[in-house]
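Thank you all for making the time this morning.

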Amino acid sequence: MSMIINGAAAEPPVDPRVSLLDFLREHLHLTGTKKGCNQGACGACTVLVDGERIVSCLALAVQYTGRSITTIEGLSSDGALHPLQQAFIDHDGFQCGYCTPGQICSAIGMSSEAKRGLPSHVTADLSAFVTLTREELQERMSGNLCRCGAHNGIIDAIAQTVDAERTGVAEDVA
Amino acid sequence: MTPFTYARADGIADAITLGADPATAYLGGGTNLVDLMRETIARPDRVVDVTGLSAEITETEDGELSIGAAVRNTALAEHSVVRERYPVLARAILAGASPQIRNMATVGGNLLQRTRCTYFYDTDGSNCNKRQPGSGCDAAGGFNRIHAILGASPACVATHPSDMCVALTALDATVHIDGISGARTLPFAELHRLPGDHPDRDTVLAPGELITAITVPPMPFATNSTYRKVRDRASYAFALVSVAAALRIDDGRIGDVRIALGGVAHKPWRALKAEAILRGAVPSEALFREAALAELADAHPLRDNGFKIELVKRTLVAVLGDLAGASA
């Protein structure tokens with residue numbers, strides 16, 4: 001049984017010690033996904049598994065056999081940037097760029113979590129419709145660190161994209 | 001990581017057969033075990049993936065909530081029954097880790113995660129009785145700001161890191177266990193151990209035993225419950241201290257109450273002394289403070305963590321005040 005990476009089939013590694021992160025980077029040469037802390041603390045390695053965001057450094061690749069994985073390389077289509085990629089450029093959502101692929105994959109997963117009504121630590125009413133205020137975005141993106149300190153631009157980029165989604169201006173980010 | 005073989009269990013019977021070998025580790029979301037293996041703190045010969053086992057959340061006929069051990073943390077916090085009837089549980093989960101980690105981590109794995117004591121993780125330079133029994137505890141005389149104030153021993157001053165487990169302790173949950181010698185259940189508060197002379201044993205599980213499910217009893221007053229976590233930054237940090245509590249006021253008196261504390265001990269700390277003082281009494285800030293003082297009477301601060309005593313008092317008083325106000 002194989003895995004699907006950005007729409008293409010891949011055979012999982014023979015050695016079960018290989019993390020999903022190392023499998024993507026070293027075996028498949030998909031180096032867009034970054035290795036930061038390699039212990040689940042920074043979020044640089046965030047990818048989407050069947051649409052859900054996870055940190056690939058704490059994932060054994062063999063556990064994801066049969067699953068569909070999307071990395072930063074799988075987001076653009078026919079050379080056109082994903083709306084979030086463009087928003088990060090428009091809002092200076094990065095400086096060195098190392099955390100950016102993880103930030104963008106994480107924000108896409110975050111957006112679909114909010115759409116289905118998942119509350120967060122800062123949600124006052126656990127049963128209410130989720131409104132992605134700035135405070136909500138900051139909490140929901142707290143698993144992705146930026147050592148350059150571009151967090152304000154990152155939140156601006158995500159806020160613009162989720163606002164555009166709501167008003168139907170941009171394409172669906174999920 | 002040391003080499004291991006990987007197998008995916010296709011059922012509980014299959015898992016416990018594979019797990020009977022003492023060099024086996026059960027693998028859930030991997031958010032702790034993969035890290036421990038990478039640091040060579042965990043060195044299993046065989047890893048049995050149990051994420052394919054029960055991931056169901058169901059309500060039983062007698063009103064219990066049954067949570068399969070493979071349920072992901074996000075799915076549990078998101079479940080409508082948890083949000084409506086056990087807000088303390090939803091809030092505890094949402095206060096823990098990061099969204100990515102909550103999407104990966106399983107309920108069973110959350111229960112069995114190991115301490116984040118920095119000396120436990122420092123394989124190169126530190127003595128740790130939990131990691132290497134008999135080697136000593138460098139935390140007891142070291143930097144111990146994050147360590148235990150209740151129930152510690154000379155052998156170990158580590159704390160249990162889970163938020164979810166604090167809520168499950170307050171909710172009187174039950175742990176369902178299976179193994180080669182049969183299935184059994186345990187009150188949640190009896191799963192984790194105090195360190196004593198064997199801090200290497202976090203729980204009372206026998207080798208090869210597998211957590212299969214958690215049940216939470218119907219507790220109507222838990223609709224008035226919450227979880228408050230105090231940490232060094234606003235998000236994505238382990239608790240310095242935390243409070244899980246549920247409160248019912250009947251005719252101006254405290255009809256029932258449940259309290260558990262996190263970040264203070266080797267296990268989630270059920271605050272039975274505080275509960276006993278509160279039950280039947282007229283709620284007031286003075287009463288809440290008296291209850292907190294009673295629970296902390298046996299607290300033993302270390303060099304760097306004396307602040308936790310006052311922090312627990314203030315946090316507990318604030319939480320009880322909020323819950324009393326909400327039910328007034």
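How many bridges join strand S3 of chain A to S4(A), and do the two run parallel or antiparallel? Strand S3, residues 46-49 of chain A, is joined to S4(A) by 4 bridges, and the two run antiparallel; strands count as paired if DSSP finds at least two bridges between them, and strands (E, at least two residues) and helices (H or I, at least four) are DSSP runs numbered from the N terminus. Within that pairing, A:Thr46 has A:Val55 of S4(A) as its bridge partner.

Before I go on, a word on conventions: this is a predicted model, in which local features need pLDDT of at least 70 and side-chain atom pairs count only at pLDDT 80 or more, while totals for chains, interfaces and linings use all residues. Residues are numbered from 1 along each chain as its sequence is written, and chains are lettered from A and ligands numbered from 1 in the order in which they are written.

The pair belongs to an open sheet of 5 strands in chain A, with mixed pairing and the order S2-S1-S5-S3-S4. Strands S2 (8-10) and S4 (52-55) of chain A stand at the edges with a single partner strand each, so one side of each has no neighbour in the sheet. On average, neighbouring strands of this sheet are turned by 35° against each other, direction ignored, where axes are lines fitted to C-alpha atoms, for helices over the stretch in contact, and angles run from 0 to 180 degrees between N-to-C directions.

Helix H3 (residues 100-115) of chain A packs on this sheet, touching S3 and S4 of chain A, and its direction makes about 40° with that of S3(A); contact here requires that the C-beta atoms of two residues, placed from the backbone, lie within 7 Å.

Chain A is divided into domain 1 (3-74) and domain 2 (83-167), with bounds from an automatic or database domain assignment, and the centres of the two, taken over C-alpha atoms, are separated by 21 Å. Each domain of chain A brings 14 residues to the contact. On the side of domain 1 of chain A that touches domain 2, S3 and S4 of chain A each supply at least two residues, and S3(A) has the largest share, 3 residues.

Turning to chain B, we find 12 helices and 12 strands. Its radius of gyration, taken over C-alpha atoms, is 19 Å, close to the 20 Å that the globule rule gives for 328 residues, so chain B is as compact as a globular protein of that length; the rule is 2.2 Å times the number of residues to the power 0.38. Of the 328 residues in chain B, 54% are buried, buried meaning that 20 or more other C-beta atoms, placed from the backbone, lie within 10 Å of the residue's own.

Strand S8 (residues 210-216) of chain B is mostly covered, with 6 of its 7 residues buried. S8(B) pairs in the antiparallel sense with strand S5 (residues 65-68) of chain B over 4 bridges, and likewise antiparallel with strand S6 (residues 174-178) of chain B over 5 bridges. In S8(B), B:Thr215 is the bridge partner of B:Ser66, and B:Ala213 that of B:His176.

Finally, the contact between the chains takes 27 residues from chain B and 28 residues from chain A, and H6(B) gives the most to the chain B side, with 5 residues.

Notes
Buried ≥ 20, exposed ≤ 12 C-beta atoms within 10 Å, placed from the backbone.
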